[in-house]
Amino acid sequence: MKKVCLLTGASGKLGTAFCRLHADKYHIVGVYRRRHPDVASQLQSFVNPLSPEKTLEENEHPIYAVQAELTDDRELERVVELALARYDRIDLLVNAAVHSVWSPILDSPRLLESAGTQFNTNVIIPLKLAALVARMFWRDREEENLKFNRNVVNVSSMAGVRVYRGVGQSVYSASKAALNQLTYHLADEFKAFGVRVNATAPNAFPRIVSTESVAQTIVRLDSGLLSGKILVLDSDGVRFV
């Protein structure tokens, strides 16, 4: 039986790769802000112009695409409600939406102006969404949660555990470090009702590690039993911190 995955950032590089590679394993509720994910969904399908009647592999496992402005608390609740109305459950929450602005701290007001948005998207929205799923579905289902190995995977970054000098990552790195700490605390509190929480922290993709390998770390964390761990993915392999 397919698990139900609620995925934010579905139209980004990682979100799109996850949908393409793993829609056969999950019923994916793919949340996007403006640009529709470039995968089959209830809103679109692919056609071979030379053989329009031909069935394409790309259409075999459509996602359920949901447009939402996640900075609006009402939209966050709507997303969870739609996922539950569609599939009656949520087994995996993947917080992959991201906002980043890189710039030296003193050279441009743009970095300082972006700080609130970066922390909101990278830390506060994952917190609110995890809390909403827990309150609306997980909290009173400990036995069922354990049976389905329900969990949260936050998409962090190696920038949250290492300083890369001279590239202007200060606020972005701080937000990812905060997301790592949030992951530890969510894991500690969510174990009370049988839900695990981990994060994947890849190096730059696809420049240093492949986007597909990052998507696979999400599946690895989902299928495992660990909680309260950060899985670092670099060119030399993976390790937990």
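Predicted model: local features only at pLDDT ≥ 70, side-chain atom pairs only at ≥ 80, totals over all residues.

Reply: The side chains of N145 and R150 are joined by a polar contact of 3.0 Å. N145 itself is found in helix α4, which covers residues 142–147. Is N145 buried or exposed? Its relative accessibility is 0%, so N145 counts as buried. The cut-off for buried is under 20%.

Now turn to another helix. α5 covers residues 170–190, 21 residues in total. From its first C-alpha to its last, α5 reaches 30 Å. That is close to the 30 Å expected at 1.5 Å a residue. Which residues of α5 are buried? They are V171, Y172, S173, S175, K176, L179, N180, L182, T183, L186, A187 and F190. An α-helix has 3.6 residues a turn, so residues three or four places apart point the same way.

Next comes α1, residues 13–22. Why call α1 largely enclosed by the rest of the structure? Because seven of its 10 residues are buried. Those residues of α1 are L14, G15, T16, A17, F18, C19 and H22. Their cover includes β1 (3–8), β2, β5 and α6 (211–223).

Finally, look at the open spaces. The largest pocket holds about 1,100 Å³ of space. Its lining has 41 residues, and the closest to its centre are A96, A97, V98, H99 and S100. Where does the lining come from? α1, β2 (26–32), α3 and α5 each supply at least two of its residues. By type, the lining of the largest pocket has 20 nonpolar, 14 polar and seven charged residues.

The second largest pocket has a volume of about 270 Å³. Here 15 residues form the lining, and C19, R20, E57, E58 and H61 are the closest to the centre. C19 is also one of the buried residues of α1. The lining of the second largest pocket divides into seven nonpolar, two polar and six charged residues.

Conventions: Residues numbered from 1 in each chain as written. Heavy atoms only, no water. Helix = DSSP H or I, 4+ residues; strand = E, 2+ residues; numbered from the N terminus. Expected span 1.5 Å × (residues − 1). Buried < 20%, exposed > 50% of the residue type's maximum accessible area, 1.4 Å probe, protein only. 1 Å grid on protein atoms, 1.4 Å probe; cavity = no way out; pocket = protein on both sides within 12 Å on 5 of 7 lines; lining within 4 Å. Points joined across faces, edges and corners; volume = space filled by probe spheres on them. Nonpolar A, V, L, I, M, F, W, Y, C, P; charged D, E, K, R; others polar. Polar contact = N/O pair within 3.5 Å; in protein donor to acceptor, adjacent residues only side chain to side chain. Contact = heavy atoms within 4.5 Å.
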